[in-house]
Amino acid sequence: MRLKTFQARNMAQALAEVRKVLGEDAIIVATVPAEDGRGVVVTAAVDGAARSSVATPASLPVAVPAAEAVLAERRAAAGRRRPGAAEMPLRSGPRAVPPVAPPPDLPPASPPARPVLRSRADDVDDEIELEFEREETASITPAAAATARREAAAAEEDPETVSKAVSPELAQIERALAFHGIGGQTGRRLLAMVRERLRAGEAPDRALAQALDRVVGFDPLGRTAGRPQALALIGLAGAGKTVTVAKLAARALTQGRRLTVVTADTIRAGGVEQLAAYTGLLGIDLLVAGSSRELARVAARARADAAGEPMTLLVDTAGVNPFFTEETEELATLIDAAELEPVLVLPAGIDPFEAADQGAAFSVLHPRRAICTRLDGARRLGAVICAAAAARVRLSEASVTAHVSEGLNPLSATGLAQLLLRDPLNLRPAKLDRDAEIRP
């Protein structure tokens, strides 16, 4: 394992230097403030030698055989998933890999050429992905499968089903909800409201936005910028609460608010040190509260010191399992003792049905708003929507980057509807437009 230490003015620059020198596989071993008090020192590690930051022409062809093997493996997987397709033989060995050969329905491959940025193999790869998307969409919700059957029957001019065929606008929204995994009661409520708005002449994106506003709702934290804020971020372990606290703290400082940051996460290994690294870069002290009584004293002092000035109190709580009553009761005691508003942190990219169950379990803590995280690494947004609907919280902000300096972005019904209706073939994670709404 190779270890290397980096020093930079802030965490964002340090992480960028780590990725440049050690590559994307590097892991952060330790993070401490610089000895002179200016910046941060990061120790990172990676297996093997460090990778060059610039790819040389001589190194490019080496990756081609591996890419061809992966493509062949995906082709074989597609063939096994097609009804009636014969199983392709596998070679024996420590890792069985399908033989590199084109599928039967494709013309013979041309002789290998020099690597280019885009090749016919890439187009075949896209076709396989599209086929997987179609199978996945049809299996997620009965509504999508029913729509496909009605459209097929209408195309054949079946007199019994033509009258039942849905409009192209409603079919588009059904497919979008199916792709994102928005099913169950939440999906049915959204479709019912969308159908009503489409009949009234609304455009598809506006109809979906109005349905999202009624089923989920939106309430950015900026609406209370002129009033005191005392927030406790709650959620599952690993949901992104600590980084979100750091982003909210940076925002409060730029707004000139009196800021107090407290961590009640005294159980997780490194929990205090992680947030302390962020607050150190912001030039503020991190307070630690090991009990509800200590947290209540800290909160009372923060409110008294504000003396009528705009004040923000941020509390980072330990991740809890919402299905364990003991953990949720202990967290509720902390929140009530300090008179905090619980803000639920919802990570994107997990199973929507699991997220809905977790959101319903967290509703016992009575959160009113939720912040979405990991939108930069998720193409499907059903988890945050289903969880918010089950928890009965309004969506507030979203994080589309792990860099604290980039902050949070407000969520709106219009912006979220546009994200849901993006073309799956060209779908990428959400983009960042600093201090603006999430955009496709």
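Of the 440 residues in the protein chain, 42% are buried. The model is a predicted one, and the chain is built with 14 helices and eleven strands. Among contacts in the chain with a separation of 6 or more, 73% join residues 24 or more positions apart. The chain exposes about 23600 Å², and 53% of that area is supplied by carbon and sulfur atoms.

Confidence comes next. The mean pLDDT of the protein chain is 76, and 65% of its residues reach 70 or more. Confidence is highest in strand 8 (residues 341-347), at a mean of 97, and lowest in helix 2 (residues 64-81), at 48. Over residues 81-103 the pLDDT is below 50; this stretch still has 27 contacts in the model beyond near neighbours in sequence. Residues 135-140 also have a pLDDT below 50, with ten contacts beyond near neighbours in sequence.

Helix 8 covers residues 241-254, which is 14 residues. Which residues of helix 8 are buried? They are Lys241, Thr242, Thr244, Val245, Ala246, Lys247, Leu248, Ala249 and Ala252. In an α-helix there are 3.6 residues a turn, so residues three or four places apart point the same way.

What do the buried residues of helix 8 pack against? Their partners include the strands 4 (229-234), 5 (258-263), 7 (311-316) and 9 (369-373). Strand 8 and helix 9 (271-282) are also partners. After helix 8 comes glycine 256, whose phi is positive, near 75°.

Glutamine 358 lies in helix 12 (residues 352-362). Is glutamine 358 buried or exposed? Its relative accessibility is 16%, and because the cut-off for buried is under 20%, glutamine 358 counts as buried. Leaving aside residues up to four places away in sequence, glutamine 358 touches Leu236, Pro322, Phe323 and Ile350.

Cysteine 372 has 1% relative accessibility, so it counts as buried. Cysteine 386, with a relative accessible area of 5%, is buried too. How many disulfides does the structure hold? The number is zero.

Conventions. Residues are numbered from 1 along each chain as its sequence is written. This is a predicted model: local features need pLDDT of at least 70, side-chain atom pairs count only at pLDDT 80 or more; totals for chains, interfaces and linings use all residues. Side-chain values use heavy atoms; hydrogens and water are left out. pLDDT is the predictor's confidence in each residue, from 0 to 100. Helices (H or I, at least four residues) and strands (E, at least two) are DSSP runs, numbered from the N terminus. Contact means heavy atoms within 4.5 Å. Buried means under 20% relative accessible area, exposed over 50%, partly exposed in between (1.4 Å probe, protein chains only). Accessible areas come from the Shrake-Rupley method with a 1.4 Å probe; for residues, only the protein chains shown count as cover. The expected span of a helix is 1.5 Å times one less than its number of residues. A disulfide is a pair of cysteine sulfur atoms within 2.5 Å.
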